[in-house]
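Subject: Structure handover

Hi,

My notes on what was found follow below.

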Amino acid sequence: MYIVSGCLAGLCCRYDGGDNADERVMRLVSEGKAIPVCPEQLGGLTTPRPPCEIVNGKVMSNEGEEVTDKFMHGAKEALKLAKLSGSRKAILKARSPSCGIGRIYDGSFNGKLIDGDGLFAAMLRNEGFELETE
Ligand code: SF4
């Protein structure tokens, strides 16, 4: 069983109301081998919503609003689901401030990347999940 980013499974949960549908991930879900989850929606954020990036350890929208609490809450809820599912592996959307693995946007909203994990990815990593991007 895999935990997968909802947007990779074709759910329109992305900040701009779109998806990042990936056929391989969708196939895993349809075969009952993966559970889609969107930590940002679980945190109570709206869809669409302003794009957010991690700036000095805080999650900020491009409008200057701090949304760290919502991101943390959603990541914890998504982690609960991941643990309940019995899954030990996750396939997550690259570069997201929630789901990104190893490389995320640098907080400048200029498309530059730095080393680091999104909040949800970091929680899964701490729990020993095997992580990969799409
Ligand atoms: S939080 Fe994760 S699942 Fe939700 S839209 Fe962003 S990358 Fe996709």
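Leucine 42 touches Val37, His73, Gly74, Glu77 and Ala78, leaving out residues up to four places away in sequence. Contact here means heavy atoms within 4.5 Å.

Some ground rules before the rest. This is a predicted model, with local features needing pLDDT of at least 70 and side-chain atom pairs counting only at pLDDT 80 or more, while totals for chains, interfaces and linings use all residues. Residues are numbered from 1 along each chain as its sequence is written, and side-chain values use heavy atoms, with hydrogens and water left out.

Back to leucine 42. It belongs to helix α2, residues 39-42. Helices (H or I, at least four residues) and strands (E, at least two) are DSSP runs, numbered from the N terminus. Leucine 42 has a relative accessible area of 37%, so it counts as partly exposed. The cut-offs: buried is under 20% relative accessible area, exposed is over 50%, and partly exposed is in between (1.4 Å probe, protein chains only). Phenylalanine 71 is 29 residues from leucine 42 along the chain, and their C-alpha atoms are separated by 8.6 Å.

Next, serine 5. It lies in strand β1, residues 2-5. Its relative accessibility is 1%, so serine 5 is buried. Its side chain reaches the backbone nitrogen of lysine 93 at 2.9 Å. Neighbours within four places in sequence aside, serine 5 is in contact with Val37, Ile91, Leu92, Lys93 and Cys99.

Cys99 also turns up at the ligand. Of the 14 residues around the ligand, Gly6, Cys7, Cys38, Glu40 and Cys99 come nearest. Being near takes a heavy atom within 4 Å. The shell around the ligand divides into 6 nonpolar, 4 polar and 4 charged residues.

Asparagine 62 sits in the loop between β4 (58-61) and α3 (68-84). With a relative accessible area of 43%, asparagine 62 is partly exposed. It is in contact with Pro50, Pro51 and Phe109, leaving aside neighbours within four places in sequence. Asparagine 62 and phenylalanine 109 are 47 residues apart in sequence, yet 7.1 Å apart in space, C-alpha to C-alpha.

Last, helix α4, residues 119-126. Leu119, Phe120, Ala121, Met123 and Leu124 are buried there. Just after α4, glycine 128 takes a positive phi of about 85°.

Best wishes

Definitions and conventions. Ala, Val, Leu, Ile, Met, Phe, Trp, Tyr, Cys and Pro count as nonpolar, Asp, Glu, Lys and Arg as charged, and the others, Gly among them, as polar. A polar contact is a pair of N or O atoms within 3.5 Å; within protein, one must be able to donate a hydrogen and the other to accept it, and residues adjacent in sequence count only if both atoms are side-chain atoms.
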